[in-house]
Amino acid sequence: MPNHFLIDGRNFRAGNPLAARWRQALFSAVCLLALVVSGHARAAASAVPAECKALQAKYPQFKGKTLVNAINPHTPGYEALDPNDPSKYIGFDIDLGETIGNCLGFTMTYKPVTFAALLTTLQSGQADIVISDIYATEDRAKAADFITYSKVFDGVLVVKGNSKKITGINTTLCDTAAAENTGYVEVPLIQNLGPQCKAAGKSEATVQLYDNNADCIQAILAGRADTYVNDVNTVDQAVKAFPDKLEKAVAVTLPYSVGIGVPKNNPEFRDAIMAALVAIQKAGIQTQLLTKWSLGAENLEKPKLIVGN
């Protein structure tokens with residue numbers, strides 16, 4: 001998921017008016033969101049369900065520990081730098097992870113990495129967990145076990161007016177250029193359209209790979225790409241930042257879930273995270289956090305395990 005916006009303006013060329021406008025709009029949106037949700041909304045993140053006391057007794061090995069969460073902190077609403085304190089992170093995934101930590105008695109710290117490095121960072125032991133809007137696919141489950149917690153809805157970002165008439169991840173992408181994040185599930189979905197494009201007498205979509213959402217969106221603004229397919233909330237924020245230049249062509253439901261990645265060699269930790277997440281959902285805390293970050297309560301999904309070979 002994904003996966004995303006650079007709110008510190010990294011990778012934008014100095015003096016680029018579109019980049020400056022993008023940075024200003026994004027900072028304004030995130031600052032406003034941070035102000036709105038501070039105070040009473042923060043209480044949801046620190047709430048601890050009654051079941052957590054029993055879970056700490058069942059899994060005492062995690063109590064009092066400091067664990068590392070590998071994140072790609074460029075998706076406002078999910079995980080991003082706090083505009084009021086760049087040394088901290090804010091977002092739904094941050095709150096959810098800290099609520100899980102409070103439930104099991106451990107403290108969460110963070111290791112920011114590129115999206116493509118999330119699972120390799122976990123595998124190398126540099127991180128203990130990954131809560132970073134990552135889609136739990138069978139292929140990724142070869143590198144980590146996943147506990148799912150959210151449904152996946154993608155948006156299709158296009159230039160205003162949608163002159164290419166793009167309607168989703170289908171043959172309307174033939175003869176177009178798609179900007180995508182390295183390692184995202186959308187990349188093979190678009191590439192797999194090649195045979196259908198050829199059968200229709202068209203060329204397959206060209207996929208341009210970038211490291212973050214900001215660069216993908218900049219590619220569309222600069223006319224280098226025709227579309228960007230990613231998390232619908234990310235797409236919606238891009239449209240809000242550039243309403244006269246961008247629009248969302250459609251929302252797409254993908255056959256995936258967002259999941260928490262944990263090491264494959266630590267089943268007790270996986271079971272503890274699963275149990276804490278169940279308790280948090282049962283107490284209504286995840287719904288509160290989704291509402292807090294304007295992500296929509298309909299995104300909530302009952303936890304399930306995705307464990308690859």
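Predicted model: local features only at pLDDT ≥ 70, side-chain atom pairs only at ≥ 80, totals over all residues.
Local features need pLDDT of at least 70 and side-chain atom pairs count only at pLDDT 80 or more, whereas totals for chains, interfaces and linings use all residues. Residues are numbered from 1 along each chain as its sequence is written, and side-chain values use heavy atoms, without hydrogens and water.

The protein has 11 helices and 12 strands, taken as DSSP runs (helices H or I, at least four residues; strands E, at least two) numbered from the N terminus. Of its 309 residues, 55% count as buried, that is, under 20% relative accessible area with a 1.4 Å probe, protein chains only.

Two packed helices are described by the angle between their axes and the distance between the axes. Helices α4 and α11 pack at about 155 degrees, with axes 9 Å apart; axes are lines fitted to C-alpha atoms over the stretch in contact, and angles run from 0 to 180 degrees between N-to-C directions. The two helices are therefore roughly antiparallel (angles over 145 degrees). The residues that meet, with heavy atoms within 4.5 Å, are tabulated below.

| Helix | Range | Contact residues |
|---|---|---|
| α4 | residues 92-104 | Phe92, Asp95, Leu96, Thr99 |
| α11 | residues 285-292 | Ile285, Gln286, Leu289, Leu290, Lys292 |

Thr137 lies in the loop between β6 (130-135) and β7 (145-159). Thr137 is buried, with a relative accessible area of 9%. Leaving aside residues up to four places away in sequence, Thr137 touches Val185, Tyr256 and Ile306.

How values were computed. Parallel < 35°, antiparallel > 145°, perpendicular 65-115°, else oblique. Buried < 20%, exposed > 50% of the residue type's maximum accessible area, 1.4 Å probe, protein only.
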